[in-house]
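Work through the exercises below with the model open. Each task is followed by a stepwise solution.

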Amino acid sequence: MKFIKKNSIFFANLQYLKAEFKNIYLIEKGCEPIRSKPDHSILISDQLENCDVINHINLNKFTAILNKKSPYYIRDVIRTSKIMETPDLYFKDPLKLVFEEVPRSFRINFNKKEDKQRIIYESVEFFKQIRSSMALEAIYAVIEELFMNAVYDAPREAQKLNNSMNVKDSELLISHDSELIIISCMDHYGSLNIQKFLNRMQLVNNSGAGESINMDAEKGGAGIGCYILFNHCLDLIIGVNQGKATRFTCIFPFRMGQKNFSSITKSIHFIDLKSEAKYERKKIKTKK
Amino acid sequence: MSEKRLKLRNEGNKYFVDVAGSMDEDLTYLDLLMNNPMELIVNFEKVVSINSCGIREWIRWMMQYPNMKITYRLCPKVIVDQINMVDGFLPKDGMVESFFVPYYNEDTGTELQILFTVGKEFDNHGIRPPLDVRDNAGHSMEMDVIESKYFRFLTKKSQAA
């Protein structure tokens, strides 16, 4: 597929998605009950609230939910089609999924808790010209949670799975254009359990952070970081290649009022490279 | 590290703590020694961020003093969000004396943080926002929150009262 102009890309991609893959569901008026569908389907809707997004993706086993009313819907569809076409690309170069030409960006490697101050300092320097307090608040919140996950949670889970602990440094990748900021963090433990993560998100979403918070520091994290990440993003993409890598990518606006931001339903996308029932293609009819 | 982000002083049994920077997993309150505290006033003005472990550590510290009168002062949005999102972040009988509300101008992109103080811009009966907020250039600014969500903690308090 060639990616040329934005509008033509959008239509080409949406038609491509619907033509090529069985698992695209479009819900436009009201939330219809999901009857039978293959796993790993993608839901495109303009009717969902944020609480519904988490419930739908967990209970109905969607791989991704895109919000049709998002001002970045075109970019979301393009990104989704690229992921469905080449899931590996998400791990190798997530910026290419979002930007046609990669704007300014920087990468920083880390592997221990003492690295946090350096990361925060360099990130703040990179975003020096941003005057949006909403964006700065999101940058701090997202970096904090992604860092903690890579340095504390990922290795702890890897140990439980008896995965290798001798892994490369984790990487934080930060970029922005005039519309969007992307913060992406990859660890090389690959220990994320997507279902466990979703269950946790749903619990916090439904019971509230106060009721769900893990107060026992001996047992690890507070368990509400997933919810904090989701709250600060417009799009959240989570990919795991079991035993090899986990990548979290958070996308949020470069400049937007709080009220506007709060009114937009978020999109979410999970990628599991080892999943068997991937994006199921429709069979191509051939002439005999 | 914690000593740079926490400053404690007292007037008899009344304690004042200033919190600054990042409230994270490394911020420990163990060194804040309070002798039979009756009241604690917390100034959050210089807090920049708080992560999930920071939220937990704060709640754990608050739980150690169930009978102490607690007041939060100069709360930035990041703290107000936790008060609304996490039950227990503001103890049940705790009080918010003042907090910042974001204002925004869609056309210019200008932002302002306006301080709401108890008895002036809010009380038990509701909020009374300033009538006309303008930036330095005279542009009109609008409250940039979803009021039912941002002021939820006030509604909960007045219902409890």
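Two strands pair if DSSP finds at least two bridges between them. Helices (H or I, at least four residues) and strands (E, at least two) are DSSP runs, numbered from the N terminus. This is a predicted model, where local features need pLDDT of at least 70 and side-chain atom pairs count only at pLDDT 80 or more, while totals for chains, interfaces and linings use all residues. Residues are numbered from 1 along each chain as its sequence is written, and side-chain values use heavy atoms, without hydrogens and water.

**Exercise 1.** Find which residue stands opposite Phe106(A), and in what sense β4(A) and β5(A) pair.

Solution. Start with strand β4 (residues 105–110) of chain A. This strand pairs with β5(A) in the antiparallel sense, over six bridges. Now locate Phe106(A): opposite stands Ile174(A), in β5(A).

**Exercise 2.** Describe the pairing of β5(A) with β6(A).

Solution. Strand β6 covers residues 180–187 of chain A. Its pairing with β5(A) is antiparallel, again over six bridges. Take Leu173(A): the bridge partner in β6(A) is Ser184(A).

**Exercise 3.** Why is β5(A) largely enclosed by the rest of the structure?

Solution. Buried means under 20% relative accessible area, exposed over 50%, partly exposed in between (1.4 Å probe, protein chains only). In a regular strand, side chains alternate between the two sheet faces. On one side of β5(A), Ser170(A), Leu172(A), Ile174(A) and His176(A) are buried. On the other, Glu171(A), Leu173(A) and Ser175(A) are buried too. Seven of the seven residues (170–176) are buried, so β5(A) is largely enclosed.

Technical notes: Chains lettered and ligands numbered in written order.
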